[in-house]
Amino acid sequence: MPTMMVAGNWKMNASTTATAELLEGLNAGVASLPKNTQMVVFPPLPYLAQAQQMLQNSSIVLGAQNVSEQAKGAFTGEVSASMLQDFGVRYVLVGHSERRSLYAESDALVAAKFQAVQAADMVPVLCIGETLGQREQDETLAVVNAQVQAVIDAAGVDALACAVVAYEPVWAIGTGLTASPEQAQAVHAAIRAHVASQNSAVAEGLQILYGGSVSGATAEELFAQADIDGGLVGGASLSAQSFLAIGQAAK
Ligand code: PEP
C-alpha cells in the first residue's frame with residue numbers, strides 16, 4: 001500500500017498532443033519511482049477519456065480537478081461524480097484555492113462536493129490553505145483547521161478515513177515561493193492533531209500532501225518531514241521530467 005503520493009494538477013493546460021506526450025513520458029518513467037509512491041494525474045475534463053485509455057496498463061492513477069455537488073439533472077455545464085467515475089477517475093480535487101477564490105466556493109459547497117465524490121466511491125483530495133494576509137496575522141492554523149472542520153461537521157470525522165488532505169498555502173501556489181520544510185511540517189502536524197482530537201486512528205492514517213511551487217529541488221526535504229505524505233504539484237507536473245524528479249524524492 002503506497003504511503004506517499006505525488007499528484008499532478010495540470011489546471012487548464014492541455015491538448016491532445018501535450019496529453020499524449022506527457023503521459024507517454026510518465027508511463028515510461030513511473031516504474032523507477034520508489035515502491036511506496038503512488039502517482040496521480042489530474043488532467044482537464046475533456047482529456048479524461050484519452051488519459052484513461054493511456055493509463056490502462058499503468059500504475060498511474062487518474063484524478064479530476066473539479067466536480068458538481070449535484071448528482072444529475074438540469075445543471076448546464078456541470079459534471080457529476082458518477083460521470084467522473086465512469087471514466088476511471090479515482091481521486092477528485094475539492095476546495096482548491098483557485099476554486100475557492102476565483103469561483104467563490106464556500107466551505108459548505110466544498111463539503112458538499114467532498115460528499116458527492118465519496119458517494120460515487122472515489123476519494124476526495126481536500127485542499128486547504130491560508131492566504132499571505134492570514135499567515136501574517138498568525139491565523140494559519142485557525143484557517144486550515146476551520147476548513148477541515150467544515151468537512152468533518154458535514155460528513156463526520158470517519159469520512160476522512162477515505163480522503164486525502166492537501167495543505168497548500170495560497171501564497172505559495174504558482175508563485176515560486178515554497179513554505180520551508182519546517183513551516184509546512186508545523187501546519188501538517190497541527191492538521192493531524194486537529195483530526196486526532198476527534199479520531200486518533202483516522203488522523204494516523206490520513207495522507208496529508210503539501211502543495212505550493214514544489215519542484216525537484218525542494219521536494220526531497222519537504223517529503224522527509226514526518227507529517228508530509230507527498231505533494232500536490234501544479235506547474236512542475238506539466239513536464240514528465242520534472243514531475244518524475246519530484247516522484248523520485250518521495251522515499
Ligand atoms: C496547485 O495548483 O495545487 C499547485 C500547488 O500549483 P504549483 O505547484 O504550480 O504552485
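**Cysteines and ligand shell in a predicted model**

Modeller: The structure holds zero disulfides, a disulfide being a pair of cysteine sulfur atoms within 2.5 Å. This is a predicted model, in which local features need pLDDT of at least 70 and side-chain atom pairs count only at pLDDT 80 or more, while totals for chains, interfaces and linings use all residues. Residues are numbered from 1 along each chain as its sequence is written, and side-chain values use heavy atoms, with hydrogens and water left out.

Colleague: Switching to the ligand, how many residues surround it?

Modeller: There are 14, and K11, E168, G174, S213 and G234 are the closest, counting a residue as near if one of its heavy atoms lies within 4 Å.

Colleague: Which distance separates the side chain of E168 from a ligand oxygen atom?

Modeller: A polar side-chain atom of E168 is 2.6 Å from an oxygen atom of the ligand, and for K11 a polar side-chain atom lies 2.8 Å from a ligand oxygen atom.

Colleague: Last one, where does Q149 lie?

Modeller: Q149 lies in helix α7, residues 140-155, helices being DSSP runs (H or I, at least four residues) numbered from the N terminus.

Note on methods. A polar contact is a pair of N or O atoms within 3.5 Å; within protein, one must be able to donate a hydrogen and the other to accept it, and residues adjacent in sequence count only if both atoms are side-chain atoms. Helices (H or I, at least four residues) and strands (E, at least two) are DSSP runs, numbered from the N terminus.
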